Amino acid sequence: MVNAYSPTPIDGYSTPTSTLQASTENIIRSHIRPEGGAQPELQKRYHFEFLLRNLRQGFPERYVSQDASQPWLIYWTLHCFSILGAGLDDQTKKRGIYCLLAVATLLNLLTPELLAGVPDFLATCQTYEGGFGNASFPGWAFEADDPESETGPAKTYDPSAPRPPLGEAHGGYTFCATASWVLLRSFIDLYYAPAIQSSAVSLPQKPHIDTRALLRWCTQMQGLPIELGGFKGRTNKLVDGCYSWWVGGCFVLVEALLGVGAHSEPSTEENAGEEEGQKSWDDIDDSLFDRKALQEYILLAGQHPAGGLRDKPPKPADAYHTLYCSAGLSAAQHRVIPSEPRRKAVISAWDAAQARARDGTGFRATSEAEREKLDALRRQTCAHVLSWAEEEGTELYVGGATNRVNATHPLFNLTTTHSDTMMAYFYGQTFPSRHFTPAKK
Amino acid sequence: MSDLLADDPEWADVVPISQYENVNPIAPIFYSEECPYAPNKDATDYFRAVVKTGEMSPRVLKLTETIIQMNPAHYTAWQHRYKTLIALRSDLEEELRLMDDIAKQFMKTYQVWHHRRLLLTAINSVDVAALELEFLRDVLEVDTKNYHTWSYRQWILAHFNNEARLWARERAYAEALLDADVRNNSAWHHRFFVVFASGVRLGDEDREQVRKRELAYVKEQIAVAPNNASAWNYLRGVLETTKTPFEELTSFVEPYTASQRPAPSEEVVDLDNPLPTEKAELPCVAALEFMADAYEKRGGDAVPKAVEIWKLLANEKDTMRKNGPRMNELNNTK
């Protein structure tokens, strides 16, 4: 067996990429916990102090480049308090389409007009590697009408034309695309043609993403043991603590798309016997990435000794990495997945009239059928979003329970308490209690 | 003499608006009272005032340039600058040249490239687009994997879509970058973008010939450095997009799954299937994974062979991925 901490093989052929990789591995390997060494500790107190310093005294002047992005600074800081386990209020904002969808979902602003073409666009951003790039061309292809288009003279879009993704597969865009795709599932089900088209109404064809390729790409992003199992954001790039969330946080979403692992069906019993033979290597846990290794990266390499978390040693800590390393740690400790019983409970308690009354868009449906379809979109989307719950008995804390951080919602990176509260308010609902244990057989 | 706008008679008619007016801010950015960031606060105070009045004038161009120099991620300043340029019917090519240094200095900032994209769209000239590709060569020389620069380059190609002036040299360009660093994934992605994702290039009409050319190219690159994830991903991409069965590649891939290169006496020279170099570190994990996938796709009797490789990878050769898709496959094939 090869040395567990072998460097990335370079086949005797070094290039700028492998040279940089090797020097990074040399730094990170010095953070590997020695055999029998002390358990790694999450320095919560130092991280609190780091966050409090920013909050109370303000951000140091090197943050001037964030001058136009101050809501982000607030979100990174406040949500990080929530993850690390100190109660504060919350506020959210994210990127591009994902930002828009997350906000529209949370605030009851979903309409078919808003979402038209979005799934098709997302699907074209998937690259041959399986992850997603940052856009596809032409960007205007799926916009219904945009008189102030930046593309100048009006163009007609030929649906048979190629629609290449722009930019290679990247962790940040892959997270945004995957979370958006999950959020849009109810919309796709309701507003696109089913596999077998009934001829009565013509609906657009369902767009398609390759979920297996996506899973493979996410898996490939986890670094080797010598990189302490941190995540990269692109093929052949370096590990960086923030991808603990952007890629590490993607796995439960991909899992939901694949339909594996959901605690929905009482299927565990009948499978139990068959799994006997595999015990040697798949009894560790049923996640699709190495949760233990990711925690080690964050605890051993991600923490700055003076407080705050970081990209990698020897870099300084900053607000952005402090949040996304903490969120990644949370994703590696807890398995938050859709619960079918909870989804059903939300659906049966749903008050459609309230949700309609509190719709923030002023959208006017032209027919009763259209109105009911929109009711269904709100109900299904909400019920799905609210169904995400921690799977009991699957938490895993490297370094012991004192390192525990709170679970965070995989779609929003907010605590479920916060997203539940926001949605209860904006949809005018009283949701069933979260202390709901899925029936176990 | 102070450089502050507050002391500048040209700005005497404007009442600056400070950022945290009438609020007790949480988590403010702490601008030092001394240089260098006092000018930033001063400039943004005046900027907020001109946004409020909607002023679009030459002095606004100077003001936004000052802000952008200090904070190139200030998207509102970029946006207002663009609107002002259009309103004043400014020379947009001159603006491009003015922004060249800023682009090089702040190449990791998305706004820098978005601004150029707006300018190129408005100028709407293939000549200018061709010059822009040249400029991007210089930029990418400094940072060969700069995400926004690559994405912008690809946008130029697709938007102006001119074979002779723009597309013609792109594959050679990606190839030159791969000659310099065969592990540059941005260059691999660019090659795929040019050859497969964006339609058919002039001279590439014979798709079977293109398929063969690309397979030959990627095999050669794998032979040079077998443990290169970028090249294996490209190979998989070519196979998927040309609907070539994995099976067709197994005689190429197999030598990379052995723990040693074949002895020189046993070596069969097969130009279509280059062998790993002598320094190759074998077996190559990507090759094992490829073979397992090929067996799984073949199905039937071949599936146990796939399972065997998955176990080898999970337990020994690639332990970090023991929980990934392979476990998933394994559960599905039970």
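Modeller: The contact takes 64 residues from chain A and 63 residues from chain B, two residues being in contact if their C-beta atoms, placed from the backbone, lie within 7 Å. On the side of chain B that touches chain A, the elements giving two or more residues include helix H1 (38-53), helix H3 (75-87) and helix H14 (303-317) of chain B. By class, this side of chain B has 28 nonpolar, 26 polar and nine charged residues; Ala, Val, Leu, Ile, Met, Phe, Trp, Tyr, Cys and Pro count as nonpolar, Asp, Glu, Lys and Arg as charged, and the others, Gly among them, as polar.

This is a predicted model, in which local features need pLDDT of at least 70 and side-chain atom pairs count only at pLDDT 80 or more, whereas totals for chains, interfaces and linings use all residues. Residues are numbered from 1 along each chain as its sequence is written, with chains lettered from A and ligands numbered from 1 in the order in which they are written.

Chain A comprises 19 helices and four strands, which are DSSP runs (helices H or I, at least four residues; strands E, at least two) numbered from the N terminus.

In H2(A), the buried residues are His47(A), Phe50(A), Leu51(A) and Asn54(A). They lie on the same side of H2(A), because they cover an arc of only 90° around the axis, taken from the directions from the helix axis to the C-beta atoms. A residue is buried if 20 or more other C-beta atoms lie within 10 Å of its own, exposed if 12 or fewer, and partly exposed in between. Helix H3 (70-84) and helix H15 (319-333) of chain A are among what covers these buried residues. Gly58(A), with a positive phi near 95°, follows H2(A).
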